[in-house]
Amino acid sequence: MNESKKTSSQTPHVYWIVYDDLTQKLSSASRLEITRELREMGWKVTLVSIGEDGLQTIEGVENYCISAPTIYLLGQVMFHLKAILHMRHIQPSPDVVFFTQDSLPYMLPLRFWRNLIGKRRPIYVMDTRTLHMPDIKNETLRGRLRRWFLELMNKIANYWTDGQTAITTRMAESLKIPEQKLWGVWTSGVHLDQFAPAITARQWPGQGEPIHLLYVGSLSLERNIHSLCQAVIRANQMGMKFIFTVVGSGEAQSYLEQIARDSAGGVIVRAPVPRHEVPSVLAEGHLGVLPFPDEEKFRVSSPIKLFEYMAAGLPILATRIVCHTDVVGDEPFVFWAEQADPQGFLAVLQQIWNNAGSLSKMGQQASVAAQSWTWRSSALRLKAALEKGLELQNS
C-alpha cells in the first residue's frame, strides 16, 4: 500500500510532543481539550508530555508520559530521545508529528532523514503559541539564552519545517511565517459544560455590597496585576467597595502578597488550584480581569482565561489591546481600561461601581458570546490545517 492510499483509507495519526508537565499548568487545556476533540472526530492522537513513564489519564485524556531529569538541558535531551524511540516503535507510523520550538532541534534530523530515503510521512509541523519577551532591563542570562534560542528556532522553522500553525494571525505575522508554510491558526477556547455551573452558583452583589474581581493565572510583573491592585486600594479609599482576588503563582507572588497585606482586605492572593477547580473559583467573582499591557507578546496571544471568564458568565475588565478587542471588541459586557496603569484602572473601576446593577445582565451576555469560542471550533481549525498539510504532501 503506498502512503497516499494509506492516508486516505485510514484515520490520520498525530504524534503530539509537548515538552511540559500537563498536570501543572492551567494552559494545558489547549493540549488536553484539543486532543479530546480530535479523538472524538475520529483522529488518532498520541499525546506525549513530561511525567512518570507510561500511559496516564489526565483530566480524562489518555497521555503517554516520559520522565526527564530536572536539569534543564539534560532533561530536554533525554525527553526527546525517549520520545523519538517511542515514536519509532509505533505501528503504523504517525502521519503528522506536531511540536513546539523546544522540539525543533530534535525533529529536523528526522525530517531530513525522511526526505533522504524518499518518504512522504510523517510530516513535521511546528506550532507556536507564545512569545518569550521578558523585560530586557531585568533579563537574566538564562532568559537571554532562552530568547535567542526561540528566535533562532522560529527563523529555522520558516525554512525547514513542512508547515506551521499559530495561535493567532497576529502571531503568524509577528514571526513572519511564510504564507506557504502557514497551514492554519487555532486560538484558545473553552469547554462550555465545565464552566456552566459557575453561572447558577454565583451571587451578584446587592446595592452597596463589595464587587469581587478575579484573576486566575500566572503571577508575573509583566502581566501588570500589581497596577490593578494599586487601583483597587485607591478605589476603596475613595468609598467604593472592591475585593480583588488573585489566584496563581509566579515570580511576582511575594510582591503581590505584600500589597495584599497592606490593602485592608481589598486584595487577596490565593494559591493556584487544579484546572478542574477553576470554575468553582470563578463562581465566587463578579468580573474577570485581564490587565495586560500593550506589548507584542500580549498582542499576539489568545488568552484562555478570557474565554473561561465568558463561559463562567463573568463580565470582563480588560485593557484595550488587540488580543482582547479581536475577540470582544464590540461586546457590551466589557469594561475597557484605556491605560494599563493605576490611573487607567481607577477610571474603569469607577465605571464598574456606577454600573453595578448591570453586572448580572452583562454576565448573561458573556456566556452567550462564549458559545462561539469552544475547543471544538478550535479543534476543527487545527484539523483543517493538518488536513491541508497532508494534502500538500500528497500532491
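Reply: One term to begin with: contact means heavy atoms within 4.5 Å. Helices (H or I, at least four residues) and strands (E, at least two) are DSSP runs, numbered from the N terminus. Axes are lines fitted to C-alpha atoms, for helices over the stretch in contact, and angles run from 0 to 180 degrees between N-to-C directions.

Me: What should I know about the source?
Reply: This is a predicted model, where local features need pLDDT of at least 70 and side-chain atom pairs count only at pLDDT 80 or more, while totals for chains, interfaces and linings use all residues. Residues are numbered from 1 along each chain as its sequence is written, and side-chain values use heavy atoms, with hydrogens and water left out.

Me: OK, which strands does helix 4 lie across?
Reply: Helix 4 (residues 104–116) lies across strand 1, strand 5 and strand 6 (123–128), and runs at about 155° to strand 6.

Me: And helix 2, which strands does that lie across?
Reply: Strand 1, strand 2 (44–50), strand 3 and strand 4 (61–66). Helix 2 (residues 29–40) runs at about 160° to strand 2.

Me: What is the strand order in the eight-stranded sheet?
Reply: The order is 3-4-2-1-5-6-7-8, in an open sheet with mixed pairing. Two strands pair if DSSP finds at least two bridges between them. Strand 3 (54–58) and strand 8 (182–185) are the edge strands, each pairing on one side only. From one strand to the next, the twist averages 25°.

Me: How many bridges between strand 1 and strand 5?
Reply: Three, in the parallel sense, between strand 1 (residues 13–17) and strand 5 (residues 96–99). Valine 14 stands opposite valine 96 of strand 5.

Me: Back to helix 2. How does it meet helix 16?
Reply: Their axes come within 9 Å and cross at roughly 75°, helix 16 being residues 375–394. Helix 2 is therefore roughly perpendicular to helix 16; angles under 35 degrees count as roughly parallel, over 145 as roughly antiparallel, 65 to 115 as roughly perpendicular and the rest as oblique.

Me: Which residues make the contact?
Reply: Helix 2 brings Ala29, Ser30, Glu33, Ile34, Glu37, Leu38 and Glu40, and helix 16 brings Trp375, Arg376, Ser378, Ala379, Leu382 and Lys383. By class, the contact of helix 2 with helix 16 has six nonpolar, two polar and five charged residues. For the classes, Ala, Val, Leu, Ile, Met, Phe, Trp, Tyr, Cys and Pro count as nonpolar, Asp, Glu, Lys and Arg as charged, and the others, Gly among them, as polar.

Me: What about helix 8 and helix 9, at what angle do they pack?
Reply: About 0°, with the axes of helix 8 and helix 9 (residues 253–261) 11 Å apart. So helix 8 and helix 9 are roughly parallel to each other. Ile225, His226, Cys229, Gln230 and Ile233 of helix 8 make the contact with Tyr255, Leu256 and Ile259 of helix 9. That contact has six nonpolar, two polar and no charged residues.

Me: Which residues touch the most other members of the largest nonpolar core?
Reply: Phe244 and Met310, in a core of 66 residues. Helix 8 (residues 225–237) gives the most to this core, with seven residues. A nonpolar core is a set of buried Ala, Val, Leu, Ile, Met, Phe, Trp, Tyr and Cys residues joined through side-chain atoms within 4.5 Å. Buried means under 20% relative accessible area, exposed over 50%, and partly exposed in between (1.4 Å probe, protein chains only).

Me: Last one: is arginine 39 buried or partly exposed?
Reply: Partly exposed, because its relative accessible area is 27%. Arginine 39 lies in helix 2. Not counting residues up to four places away in sequence, arginine 39 touches Val45, Leu47, Val61 and Glu62.
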